[in-house]
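Here is a guided walk through one protein model, written for someone new to reading structures. Keep the picture open beside the text and look for each part as it comes up.

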Amino acid sequence: MKNYKDKNLSVRVRTEDLLSRMTIEEKIGQLNQLSAKLSDADEMRKNAVQGLVSSRVMASTAFAGNEEQEITGFDEINLLQELALNQSRLGIPLMDGWDIVHGQRTIFPLPLAQAAGWAPELVQRAAEIAALETAEWGVRWTFAPMLDIARDPRWGRIVEGFGEDPYLCAQMAAASVKGFQGESLSDKRRIAACAKHYIGYGMSCGGRDYSACDCSEHELRNTYLPPFKAAVEAGAATVMASFNEIGGEPVTGSKHLLTDILKGELGFQGFVVSDWYAIHQLINQGVAENRKEAAYIAFDAGVDMDMLDLCYSEHLPALIEEGRISKERLDDAVRRILEVKFRLGLFDDPYVDPNASQRIRDEHMEFAKVFAEKCMVLLKNENNVLPLPKSGRKIAVIGPLAEAKRALMGSWTQNKSDEGIQTIVEGVQAAAPEAEIITASSLYDEMLMAAQRAEMVVLVLGESDRRNGEHACIADIELPVGQLELLRAVRRLGKPVVSVICSGRPLVLEEVDHLSDAVLYAWHSGHQTGPAAAEILFGNVNPSGKLPVTFPRTTGQIPIYYNHKPNARQIDEYYYPESTDYFDTTGKPMYPFGYGLSYTTFAYSGLTIDKEKITADEVQTVRVTVTNTGNMEGDEIVQCYLRDCSSALTRPLKELKGFQRIHLAPGASQEVVFTLDREKLGYYGKGGKFCVEPGKFMVYTGGNCLTEMCTQFEIVK
Ligand code: GLC
């Protein structure tokens, strides 16, 4: 007699056997996710024994990105698993989930900063480390990666995703999933990923969180879907449905988006979890008159697990009794959830070793530093004021974030301790022990006095971690109040000024750029923000990051992104045509997508394509030679863009189709090769069908999206 407890049987056989033994109530219990809130601990234990809870979300508020969480510790996980396995009728383990977005104990750069590294292999390594540290805590599921394409820096959650470009985001999506999940989920160092928030949340109107947003299916498929397609193809075990609507239909209640496209067209085999209270929120959105209708709409649409609002546990029994929800659909949802639990090995060993390392490992911190160094972006370096001299000059390191700790970690960190965080000042002191450093970081008059006594000034500005993340939108993306005034005062002293910006989101930096000799965007890069920034400031590391999102010149320019559709009146490949743009600013951003400087220089030459004409099913090969023309070794992120010049539906002026981070010694050259296959040459055209159309294509290669180095080819019938 087959038995689901037999670990030698396949996941599918064990799942089907268990499913056949479950009552309706036990099946509905598997669809129910509750908070790991401390105050709910006793109730939770009863639920575990009765098989009424499937999972806990390790958050006690809906704003886990920035609020302290009052949740149970990892010892409670063992206790609950013990109750579930040995006291409930069928012994089905729990599968707790946690927002481990950019590290658990070791905090890495925010995902937007990670994207600035243009290094999927580093994103994957960071996810691996986060998975290990999370699994050691006893949690085997993360609500990450966040894959929302975002083009509005007023939206606090722009920091949580990988920027404005579908291709770059898709590469990071696959890397994250592979890092979290590894080769097999049964590996106890791995955790289930959750591609979120499917789909279109980043369009939040006006950058207001949770606000309505909309786009055509054409735009949805060509811009917002690619990262989720990449995550599903990489094997993402779960997907989280988003709060927002598309086309008047809340995604949480959209059978077309969740079942037809995600589970049908993309072939997603895992399960869909709702976002926090999102099923109940269908009432707010006006499409459900009550919780029972909300439960019906969401479950019928394809949401398998209910995060927190108890709509399923309260109303699915009646909906099944009434025949409105079929037993087939119920079994489909439960099957999807059980399969992930079996794949994670939770039925066989759900316990966490209470003696597992709770410390941050040195090798993880070392990697975090290297990663942060790769993500930081040098935006300006006039007269080579950087690198700073390591001795012989008095250097003031001042500013409201010069000695900040928590702010550097960024939003969405569950590890609220200051253990292991080094400030910018501490980083500077370690990177240049011979340098004469003067610091001040609390009173503005003391900061000015320090600057006055120094020969050069490093001014550390930026945002609190609390000004980013969920429920953290701002109407004006200037620096926080008072910081520009401080910069103006420092500038009036007439000394070289290096501005270091520690922020999560893009900020308006036009005046900062004007008043500074050099600008380094250090982001909120986690534990190693301070040391990494200092290594770059003193030239121990050559900066190489490139922007994954356009930096507007003013808040009023938003939305401004490189891969926009052509202007009907006039074509301008450098964002927007001056003649039809705002009267009171230029049509250009402050810093374009893909932009970032180095301490050396790189030259591009010899752009060629293999064939001037290809058919739609052939591959085009692009070659370009890059030379380090400076006197310092460094990385260059070589980018390849494509423009489809004649198509049945409009196409963006440029689209990133490839990138490679290469390392060159001074004077060295390397040929970089890009292949443009059907996936890269085509788009979702009329009727939502993927197609490659005949016509002229322009190919660009260079160090940012404004490159003018291009050639062309034709696709022939
Ligand atoms: C929040 C967020 C989501 C997060 C979930 C659990 O509201 O929207 O990203 O994973 O709730 O904390």
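A residue counts as buried when its relative accessible area is under 20%. Trp523 has a relative accessibility of 1%, so it counts as buried. Keep in mind that this is a predicted model. You will find Trp523 in the loop between strand S14 and helix H21. Its phi is positive, about 55 degrees, although Trp523 is not a glycine.

Another tryptophan to look up is Trp412, in the loop between helices H16 and H17. Trp412 is not a glycine either, yet its phi is positive at about 60 degrees. With a relative accessible area of 2%, Trp412 is buried.

## An enclosed helix

Now follow the chain to H21, which covers residues 529–537. How many of its nine residues are buried? Nine of the nine are, so the helix is largely enclosed by the rest of the structure. Among these buried residues are Thr529, Pro531, Glu535 and Leu537.

What do the buried residues of H21 pack against? Their partners include the helices H15 (362–375), H16 (406–409) and H17 (424–431). Strands S12 (456–462), S13 (497–502) and S14 (518–521) are partners too. Just after the helix comes Gly539, with a positive phi of about 80 degrees.

## Covered strands

Strand S9 spans residues 377–381, and five of its five residues are buried. S9 runs antiparallel to S14, and four bridges join the two. Within this pair, Val377 stands opposite Tyr521 of S14.

Strand S10, residues 394–398, is also mostly covered, with four of its five residues buried. Five bridges connect S10 to strand S11 (residues 436–440), and these two run parallel. S10 is joined to S12 as well, by four bridges, and that pairing is parallel. Ile398 takes part in both pairings: its bridge partner in S11 is Ala440, and its partner in S12 is Leu459.

In soluble globular proteins, nonpolar side chains tend to be buried together. In this model, the largest nonpolar core has 180 residues, and Tyr198 and Ile398 have the most contacts inside it. Helix H7 gives the largest share of this core, nine residues. Another core lies apart from it and has 36 residues, including Leu386, Val397, Leu408 and Val460.

Which residues does Ile398 touch, not counting those up to four places away in sequence? Ala440, Met447, Ala450, Val457 and Leu459 are among them.

## Two helices side by side

Two packed helices are described by the angle between their axes and the distance between the axes. Helix H6 (residues 120–135) and helix H7 (residues 166–181) pack at an angle of about 30 degrees, and their axes are 7 Å apart. Their crossing is right-handed.

On the H6 side, the residues that meet H7 include Val123, Ala127 and Ala131. On the H7 side, Met172, Ala175 and Phe180 are among those that meet H6. Sorted by class, this contact has eight nonpolar, four polar and two charged residues.

## Cis bonds and a buried serine

The loop between H6 and H7 holds Pro145. The peptide bond from Ala144 to Pro145 is cis, with omega near 10 degrees. A cis peptide bond also joins Lys196 and His197, where omega is about -10 degrees. His197 sits in strand S3 (residues 194–198).

Leaving aside neighbours within four places in sequence, the contacts of Ser54 include Gly29, Asn32, Leu94, Met305 and Lys341.

## A three-stranded sheet

Finally, look for three strands that form an open sheet in the order S15-S17-S20, with antiparallel pairing. Strands S15 (602–609) and S20 (669–676) stand at the edges with a single partner strand each, so one side of each has no neighbour in the sheet. From one strand to the next, the twist averages 20 degrees.

Strand S17 (residues 620–628) is joined to S20 by eight bridges.

Definitions and conventions: Residues are numbered from 1 along each chain as its sequence is written. This is a predicted model: local features need pLDDT of at least 70, side-chain atom pairs count only at pLDDT 80 or more; totals for chains, interfaces and linings use all residues. Side-chain values use heavy atoms; hydrogens and water are left out. Two strands pair if DSSP finds at least two bridges between them. Axes are lines fitted to C-alpha atoms, for helices over the stretch in contact, and angles run from 0 to 180 degrees between N-to-C directions. Buried means under 20% relative accessible area, exposed over 50%, partly exposed in between (1.4 Å probe, protein chains only). Contact means heavy atoms within 4.5 Å. A crossing is left-handed if the near helix is turned anticlockwise from the far one by less than a right angle, and right-handed if clockwise. Ala, Val, Leu, Ile, Met, Phe, Trp, Tyr, Cys and Pro count as nonpolar, Asp, Glu, Lys and Arg as charged, and the others, Gly among them, as polar. A nonpolar core is a set of buried Ala, Val, Leu, Ile, Met, Phe, Trp, Tyr and Cys residues joined through side-chain atoms within 4.5 Å.
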